[in-house]
Amino acid sequence: QVQLVESGGGLVQAGGSLRLSCAAAGSGFGASTVGWYRQAPGKQRELVAINYSGGVANYANSVKGRFTVSRDNAKNTVYLQMTSLKPEDTAVYLCYLHRYFDSWGQGTQVSVSS
């Protein structure tokens, strides 16, 4: 498993913004698929956004137009810019990387108050 370290979570009011970061250890980041999942209490883990090595990104319908996933291959880092946050975005957000196998971060809490 590749070590992934997330940062940037916190508490924000509805309509606010947050940016999550995830730094990956080791080599091969540029050739990896990276992205973000989230898991709310009592719910299944769901895909939020994914960024393929060629730069194509896909998003969950619930976050399209509000969230942007990006990557800096020189820094081995993937970002999730979240805007217009809603209370239903409250969850633990987990960084994801795939190259030959899946790796997961420890998660960072995002809480959105109404």
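Predicted model: local features only at pLDDT ≥ 70, side-chain atom pairs only at ≥ 80, totals over all residues.
Residues are numbered from 1 along each chain as its sequence is written, and side-chain values use heavy atoms, with hydrogens and water left out.

Strand S11 covers residues 108-113, where strands (E, at least two residues) and helices (H or I, at least four residues) are DSSP runs numbered from the N terminus. Strand S2 (residues 10-13) runs parallel to S11 and is joined to it by 4 bridges; two strands pair if DSSP finds at least two bridges between them. Within this pairing, Gly10 has Val110 as its bridge partner in S11. Strand S9 (residues 91-99) also pairs with S11, in this case in the antiparallel sense and over 3 bridges, and Val92 has Gln109 as its bridge partner in S11.

Gln13 belongs to strand S2 and is exposed, with a relative accessible area of 59%. When residues up to four places away in sequence are not counted, Gln13 touches Val112 and Ser113, contact being defined as heavy atoms within 4.5 Å. From Gln13 to Val63 the distance is 17 Å in space, C-alpha to C-alpha, and the two residues are 50 residues apart in sequence.

The structure holds 3 aromatic pairs. Rings of Phe, Tyr and Trp (its six-membered ring) pair if their centres lie within 6.5 Å, and planes under 30 degrees apart count as stacked, over 60 as edge-to-face and the rest as tilted. The pair of Tyr37 and Tyr96 is edge-to-face, because the ring centres are 5.4 Å apart and the planes stand at 65°. This pair links distant parts of the chain, since Tyr37 is in strand S4 (residues 33-39) and Tyr96 is in strand S9, 59 residues apart. Tyr96 is itself buried, with a relative accessible area of 10%. Tyr37 also pairs with Trp104, and this pair is edge-to-face because the centres are 5.0 Å apart and the planes are at 70°. As Tyr37 lies in strand S4 and Trp104 in strand S10 (residues 101-104), the pair ties together parts that are 67 residues apart in sequence. Trp104 is partly exposed, with a relative accessible area of 24%, and the charged end of Arg45 sits over the ring of Trp104, 4.5 Å from its centre. A charge sits over a ring if NZ of Lys or CZ of Arg is within 6 Å of the ring centre and within 35 degrees of the ring normal.

A search of the whole structure finds 1 disulfide, a term that denotes a pair of cysteine sulfur atoms within 2.5 Å. This disulfide joins Cys22 to Cys95, with an S to S distance of 2.0 Å, and the link is left-handed, with -85° about the S-S bond. Distant parts of the chain are linked by this pair, as Cys22 is in strand S3 (residues 18-24) and Cys95 in strand S9, 73 residues apart. Cys22 is buried at 1% relative accessibility, and Cys95 is buried with a relative accessible area of 1%.

Thr77, in strand S8 (residues 77-82), counts as buried at 9% relative accessibility. Among the residues that Thr77 touches, not counting those up to four places away in sequence, are Cys22, Phe29 and Asp72. A polar atom of the Thr77 side chain lies 2.8 Å from the backbone oxygen of Lys75.

Arg38 is placed in strand S4 and is buried, with a relative accessible area of 6%. Its side chain makes a polar contact of 2.6 Å with the side chain of Glu46, and another polar contact, of 2.9 Å, joins the side chains of Arg38 and Tyr93. A polar contact is a pair of N or O atoms within 3.5 Å; within protein, one must be able to donate a hydrogen and the other to accept it, and residues adjacent in sequence count only if both atoms are side-chain atoms. Residues touched by Arg38, not counting those up to four places away in sequence, include Arg45, Val63 and Val92.

How values were computed
Buried < 20%, exposed > 50% of the residue type's maximum accessible area, 1.4 Å probe, protein only.
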